[in-house]
Amino acid sequence: MKSVYLDYNATTPVDPRVLERMLPYFTEKFGNASSNTHAYGWAAAEAVEQAREKTASLLGCSKDEIYFTSGSTEGINLALKGIFENYSEKGKHIISYQTEHKAVLDTLEYLKTNGAEISLLPVHRDGTIDLELLKNTLRKDTLMVAAMYANNETGVVFPAKEIGEICHRQEVFYFSDTTQAIGKLPLSVKDDNIDACVISAHKIYGPKGTGAVYFSRKKPRLSVAPQIHGGGHEKGLRSGTLNVPGIVALGEACTIAEQDLLTSAMSQSRLRTLLEQSLTVSGNVFINGSIKDRLCNTTNLMFKGIKSEDIIKKIRPVAVAAGSACTSAMQQPSHVLKAMGLSEEESYSSVRFSLGRFTTEEDINFTIEKVKNILSNH
Ligand code: PLP
């Protein structure tokens, strides 16, 4: 039976080219990148450094600003806790947004127990932000702004460059959760004034459990307190034997994302328009979030009067999500949609469709037909 995967924001399949590149590092090239006494170790270390260069190239930074991690949750913990720990004399005030991913929100909640003062700013009805409010919330003791690049549930994109400018004018650090933006839009940490950001391989057609964090080394030169100790890997910032196959895969996934970016974005955007136009004509389906400032692949649709649970069940084998995969286990209405002012009922009627590299027009037409069936029987 045909199945269609439209949940690329939750995770992506490993691209066959990525798999092919990583496989030898499980078997004949299995060395430990820290073994500097033999060829096995040298080969692994060289592969890691190549991957570091490829990751840096996609982010627009230099390779010595990249540190490998197990994914974005770890990177977010390292950035937020590590910056707070090293600079808490500079200030204990952190500004963030109500629509951030739980990995950011929960880490900030934890930092409160260490004396951090958090201002969680609201968003507009369409999920976008008010830059004046950000400026007015900055204080003398503001240490950092943590503002995601693109939202995982709605795809809404924040104005990174402007946020960065506001931060830098007051010597405030700018951390951006770039997990969902990377590979979907052209992004350069230097042009966007980002001081720290994270990347997760499984969102860009690499394997789960591998990722990286970027910390600026110039203007500002960020110094971050390690959160995992032992062995001194990654210049002492993130100890633990390097996941060489995962890192090689991340590097390859970054190179492909860089080459593929524009064609892939155009194709996904075209297919998303087809999906949205075909479904919203009914008059009972609405798009949650800004149409202008949005990722090319995501649409969060509200089906008035129909429970998302019912839609998800009835359109199977089309795989979609209600809210984010990370919070859906909690059976609570999405905190993102709530922050955008949707009622609980509207939130429970919302479904996220996220397209990806392997989505075809046939997939979208199949999905449209399935959803239309529900709409016409309702
Ligand atoms: N931040 C955002 C915006 C995400 O979408 C996700 C994953 O869903 C994460 C962070 C966590 O990433 P990871 O699965 O690599 O820990």
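1. A polar contact is taken here as a pair of N or O atoms within 3.5 Å. The model under discussion is predicted.

2. A polar side-chain atom of Thr 73 is placed 2.5 Å from a ligand oxygen, and for Lys 203 the corresponding distance from a polar side-chain atom to an oxygen atom of the ligand is 2.6 Å. On its own the ligand has 390 Å² of accessible area, of which the protein covers 89%.

3. The shell around the ligand comprises 14 residues, and the closest are Thr 73, Asp 177, Gln 180, Ser 200 and Lys 203. Its composition by class is nine polar, three nonpolar and two charged residues. Helix H3 (residues 72–87) supplies the largest share of this shell, with three residues.

4. Turning to the fold, seven strands make up an open sheet of mixed pairing, ordered E2-E8-E7-E6-E5-E3-E4. Strands E2 (66–69) and E4 (117–121) are at the edges with a single partner strand each, so one side of each has no neighbour in the sheet. From one strand to the next, the twist averages 20 degrees.

5. Within the sheet, strand E5 (residues 142–146) and strand E6 (residues 173–176) run parallel and are joined by three bridges. Met 144 has Phe 173 of E6 as its bridge partner. Helix H6 (residues 160–169) lies across E5 and E6 and runs at about 155 degrees to E6.

Key
Residues numbered from 1 in each chain as written. Predicted model: local features only at pLDDT ≥ 70, side-chain atom pairs only at ≥ 80, totals over all residues. Heavy atoms only, no water. Near = heavy atom within 4 Å. Polar contact = N/O pair within 3.5 Å; in protein donor to acceptor, adjacent residues only side chain to side chain. Areas by Shrake-Rupley, 256 points an atom, 1.4 Å probe, with all protein chains shown as cover. Helix = DSSP H or I, 4+ residues; strand = E, 2+ residues; numbered from the N terminus. Nonpolar A, V, L, I, M, F, W, Y, C, P; charged D, E, K, R; others polar. Pairing = 2+ DSSP bridges. Axes fitted to C-alpha atoms, helices over the stretch in contact; angles between N-to-C directions. Contact = heavy atoms within 4.5 Å.
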